[in-house]
Amino acid sequence: MAQQKKIRKAVFPVAGLGTRFLPATKAVPKEMLTVVDKPVIQYVVDEAAEAGIEHFVFVTGRGKGVIEDYFDIQYELEQMLRERNKNAELTLLAGLLPKAGTASFTRQQVPLGLGHAVWCARDIVGDEPFAVLLPDMIMSAEKGCLKGMVELYAQTGGNVLAVQECDPDQAHKYGIVGVGAAVGDGFKITQMVEKPARGTAPSNLYINGRYILQPEIFKILETQERGAGNEIQLTDGMLTLARDQDFSAYKFTGETYDCGAKDGFILANLAFALQRADIRPAIEGPLKALISTLK
């Protein structure tokens, strides 16, 4: 196989309104809600950085300027930390800051769906394969999900989607893939079915919010008719692209938390807090006591 182009850029669609978290998201973007002590978006950016992403492309909307501010220097804060000799905090902030010129922000003026949000990044991404990471989904595993996908992409080329298992009874809630022949460390995708009717799903493997796509998707999305919810759906665009290009699947075996939903957000906070040596001793006992009250 010819050498594949490196996955250098990642798109983060962060223009969503976060209505499921009202009233908090009336003033705070859902991506800036904190899991323990970091905003949700930071976990997703960290995953991308671990996978070797060099350029971070944020597709924003009105009221999301705080995300851009977060990935910038705050002189007053840093000066205060220096004056108070808060060196650990200064080091922490410096480590989270993208290098100059590696973060771009573009606006999705109208909320027309995930496919439209990805299309809005077309001029920044250009003619090269790229990753898409849904900012609601944060993951916990020894090896990051996108890193595993990039490794599979090096073997297969084409397009790569991350999938993981769900309860077969819940398959009707997700985008489900059909399982084909093994390719590299993954398998070839034979079908993509969005929210299949109960009992008709081709598998129990759902697309979990991580994508590696070829740039031809942009031309497809440019003329894509609106689909479910009267929005331009990324799945519809991928189905069109699949007529001419292969799609492979990376099976992620870690934990995924949907922080766009209250239950997933709460579970993420508990799970990541319990992974922290500085926090677990303080909450483990009270948490066990709380669980013991459940009937």
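This briefing covers a surface patch, a lysine in a loop, and the cysteines of one structure. The model is predicted, so local features need pLDDT of at least 70, side-chain atom pairs count only at pLDDT 80 or more, and totals for chains, interfaces and linings use all residues. Residues are numbered from 1 along each chain as its sequence is written, and side-chain values use heavy atoms, with hydrogens and water left out.

**Surface patch**
- Ile73, Tyr75 and Leu97 make a nonpolar surface patch of about 290 Å².
- Patch residues have over 30% relative accessible area and no salt bridge, and nonpolar side chains (Val, Leu, Ile, Met, Phe, Trp, Tyr) are joined within 5 Å, like charges within 9 Å.
- A salt bridge is a side-chain nitrogen of Lys or Arg within 4 Å of a carboxyl oxygen of Asp or Glu.
- Accessible areas come from the Shrake-Rupley method with a 1.4 Å probe, and for residues only the protein chains shown count as cover.
- Leu97 is partly exposed, at 31% relative accessibility (buried is under 20%, exposed over 50%, partly exposed in between).
- The loop that holds Leu97 runs between helix H4 (87-96) and strand S5 (103-107) (DSSP runs, numbered from the N terminus: helices are H or I, at least four residues; strands are E, at least two).

**Lys30**
- Lys30 sits in the loop between strand S1 (9-13) and strand S2 (34-35).
- Lys30 is buried, at 17% relative accessibility.
- Beyond its neighbours within four places in sequence, Lys30 contacts Gly16, Gly18, Thr25, Val40 and Asp136 (heavy atoms within 4.5 Å).

**Cysteines**
- The count of disulfides is zero (a disulfide is a pair of cysteine sulfur atoms within 2.5 Å).
- Cys145 is in no disulfide, and the nearest cysteine sulfur, that of Cys259, is 15 Å away.
- Cys145 is buried at 1% relative accessibility, and Cys120 is buried with a relative accessible area of 12%.

Methods: Buried < 20%, exposed > 50% of the residue type's maximum accessible area, 1.4 Å probe, protein only.
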